[in-house]
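Biologist: I would like a close look at one part of this model, followed by an account of how the rest is put together. Please start from the part I name below.

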Amino acid sequence: MRMSSLLNNAIRIASTITLSTGLAASAATFFVSPSGNDSNSGTSESPFSSLHGAREHIRNSAKLGVESIEVIVEPGIYYLDDTIIFDSKDSGNAENQVTYRAREEGTVILSGGSKLDLKWEKFRDGIYKTTTPLGISIDQLFVNGKNQRMARYPNYDPKKKTAAYQGFSSDAFAKDRAKNWKNPINGYIHAMHKSRWGGYHYRITGKDSNGEITYEGGWQNNRQMGMHKDFRMVENIFEELDAPGEWFHNSSENTLYYFPGEKTDLKTATIEVVRLRHLIEFDGSETSPVTDISLEGFVFRHAARTFMDTKEPLLRSDWAIYRGGAVTLSGTENISLLHCEFDQVGGNAIFVNNYNRHTLIKGCHIHDAGASGVCFVGDPNAVRDPLFEYAEKNDLSKIDLTVGPKNNNYPSLSTVEDCLIHGIGRVERQPAGVQISMAMEITVRDTSIYDCARAGINVSEGTWGGHLIERCDVFDTVLETHDHGSFNSWGRDRFWSNDHHDSTQPAVDANPELPFIDAFKTTVIRDSRWRCDHGWDIDLDDGSSNYHIYNNLMLRGGLKFREGFGRHAWNNITVNNGFHPHVWFENSKDEVYKNIFMVPHRDIRVNFQGNRVDENIFYSNDESMKESPEGLGWDEKSIVTLLEFIDPKNGDFRVKENTLPREIGFTNFPMDQFGVKKPSLKAIARTPIIPELQVVFSSDTKGTGEVSNSFWMGGRLQNLSGEEFSAYGISKEEGGIVVTDAPAGSVVSSSGMSANDVIQKVNGKQVSNISEFLTAIDKVGNAPITLTIIRNQLEKKIEVVR
């Protein structure tokens, strides 16, 4: 299928198309110019004034599908009155493409906003004000092409790159602060998830009789656990207008207030506001698709924020999604977005929705997007036995065992290639450079992705795999969230349950093919470079299955496998880090071999055999580095040795041949092919910081694994530390104590507690470690004890039976 896709793409992007007779295909060329008129004929001497006018003329007059159509758009800013919609009537075909292109790349701006001609006057304290047109609503304000900030508290600090919202406070909307707000209606609350698994957004509706702020929203995260107690920010509050670059619009009085920076001259400044959510839509269906249209060389700017409409939950994840972007594709075949720039759009830049085939996104620069860069998201109705809440469970004795999707309403055979994507999640905290959900055979290649609030590339669910990630450069990710990776995935598919060892394990034992009925095609991650300073470089989380991972250079966070089946990782290098197996199934058929690791495995709750972890190289001279978890027999053929790398200071971690153990079979792979290749984008693309190579001894890492232990009521307790917070789904801020053993007949067991429960509260009082727990128990005395525990990442209360 991939070869067929490549051939189709070659046909449709060829610069010259020759018919079987040997004659050149017929072609028609039209022109658009800011000085034109849509009543013109569209010639170079008499151009149209808009893409809408060109589309209408071509739809009604041109020979679509009979001759190739090219629309050349002259330089300028084109403020769109409405979204430009292409449907099946605007289609070309493989032999006769329809192409809309800028005369020169980057000189044609398609704007979803309006330019305002305003007269400013001084207000107070460096703030200016002006009267705005009647009835205008302003969600974003651009001054000289740069997006400004709504009046907010706390103020934005660009130096706080990894702080939530670049400025947060626990009292963001506290009663004492809100008492100074005369009319906070339509202000916004932004808050991180309790466990920092993304964020929430709320619209302020007013104050109650006690002066407390009232609000609506919070549907943007599918793990409804409440907002973080500290990581909060408010905006669009007039009384918080106190810093350069901030603004506030009083729509009822048609007055705009703005605090300009020192270098901003409001007499000459260009002021623009945003109106449209979508600039371009391709609106078709599987039975009547929009086909063979190419957009080339445009700049897309001024698309509205959509965070309050990010409501649709994705399958059993913490994600919710808004199905739209500055460019939105639904029901298309062979649509190309080539050499375009997406500049400071308020939501998703590109959204590929439901049925789409052979979408090509190439040579594009996507930056400073409010939400995600590129989203490929299919229809839940194409999924067999779909579930949406994390704790929902299928009856595995009754599920549909048919392999693959129910219908074709999902993106497939599509590509993001040679792109530069950065500044992702400027508004929302549940974004990705590339997001893939309920899709099949999506390729991301030769792409640089960095500066992301969450993951660089995210694959939701195993539905349906077959993706190819190659020659990418992904770093500076997970800047504001927690417990993710530069590459992040999960696979909470039909087979998976959060009480996995009780329900999933016996079901898979009976039917070993169960994990592969959704993830039925293998996803490949290869020849790429990754760095995550706040998580894992490659993080295969809950249920991720059927992955092949090879020839990757991981610079900081290492490789994590949790709760999946059929993952193979070989010929990878993890600089100053290693392998992180968390919470494995028995007989998972995972294979980890021929890799170069630099620290011992950091296993958590891995007690089962039936997996191959062997024939690896540990960069050290400490033989204890390769000691395997007790009873697993890992790394018996692995080698501990100090390799020599060619130029590690400059990122070349190829191994010098004379130091490479031949019996392992590790082979060098290119170190100069990561990321974007297009010269103009490569010239401005950042690259990751290369870490200084370290020689780690096994004893150097033991401090991270040692914990305090205690016995209580016949059970064994242990403090959480390091990566165990992630393995148990607990935030480090909250902490907790894990029950490592609850023997039958003990008080702990009789009270309903089990091994791997995490205690977080005693009679409502938070306890983060054993010392705090025992102190709280002592203070209870003979009174009843109610423990709040986390079991399989869900909260539960336990009454202790004394």
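What covers the buried residues of helix 2 (residues 51-61)?

Modeller: This is a predicted model, in which local features need pLDDT of at least 70, side-chain atom pairs count only at pLDDT 80 or more, and totals for chains, interfaces and linings use all residues. Residues are numbered from 1 along each chain as its sequence is written, and side-chain values use heavy atoms, with hydrogens and water left out.

The cover over the buried residues of helix 2 includes strand 1 (27-32), strand 2 (68-73), strand 4 (84-86), strand 5 (98-102), strand 6 and strand 23. Contact here means heavy atoms within 4.5 Å. Helices (H or I, at least four residues) and strands (E, at least two) are DSSP runs numbered from the N terminus. The residues of helix 2 that are buried include L51, G53, A54, R55 and I58. Buried is under 20% relative accessible area, exposed is over 50%, and partly exposed lies in between, with a 1.4 Å probe and protein chains only. An α-helix has 3.6 residues a turn, so residues three or four places apart point the same way.

Pairing requires at least two bridges between the strands in DSSP. V108 has F298 as its bridge partner in strand 23. Strand 23 also runs parallel to strand 27 (residues 341-343), joined to it by three bridges, and F300 is bridged to F342 in strand 27.

The loop that runs from strand 23 to strand 24 (312-313) holds F307. The ring of F307 forms an aromatic pair with Y188 that is edge-to-face, at 5.1 Å centre to centre and 80° between the planes. Rings of Phe, Tyr and Trp (its six-membered ring) pair if their centres lie within 6.5 Å; planes under 30 degrees apart are stacked, those over 60 edge-to-face and the rest tilted. Y188 belongs to strand 14 (residues 188-193), and the two residues are 119 residues apart, so the pair links distant parts of the chain. Y188 counts as buried because its relative accessibility is 12%; F307 is buried too, with a relative accessible area of 3%.

A second pair is tilted: W584 and W634 are 5.5 Å apart centre to centre, with 50° between the planes. W584 is in the loop between strand 48 (579-582) and strand 49 (591-593), and W634 in the loop between strand 52 (617-619) and strand 53 (639-641), so this pair ties together parts 50 residues apart in sequence. W584 and W634 are both buried. They belong to a cluster of ring pairs that links F561, F579, W584, F597, F618 and W634. The structure has 31 aromatic pairs.

Charges also sit over rings. R223 lies over the face of Y390, at 3.8 Å from the ring centre, and the charged end of R492 sits over the ring of W496, 5.8 Å from its centre. The criterion is NZ of Lys or CZ of Arg within 6 Å of the ring centre and within 35 degrees of the ring normal.

Elsewhere, five strands form an open sheet with mixed pairing, in the order 8-9-19-18-12. Its edge strands are strand 8 (121-124) and strand 12 (149-150), each pairing on one side only. Strand 9 (residues 127-131) and strand 19 (residues 255-258) run antiparallel over four bridges, and T130 has L256 as its bridge partner in strand 19. The loop between strand 19 and strand 20 (271-274) contains T270, which at 28% relative accessibility counts as partly exposed. Leaving aside residues up to four places away in sequence, T270 touches K115, F142, V143 and N144.

As a whole, the protein has nine helices and 62 strands. Its radius of gyration, taken over C-alpha atoms, is 28 Å, close to the 28 Å of the globule rule for 802 residues, so the protein is as compact as a globular protein of that length; the rule is 2.2 Å times the number of residues to the power 0.38. Buried residues make up 61% of the 802 residues. Of the contacts with a separation of 6 or more, 67% are between residues 24 or more positions apart.
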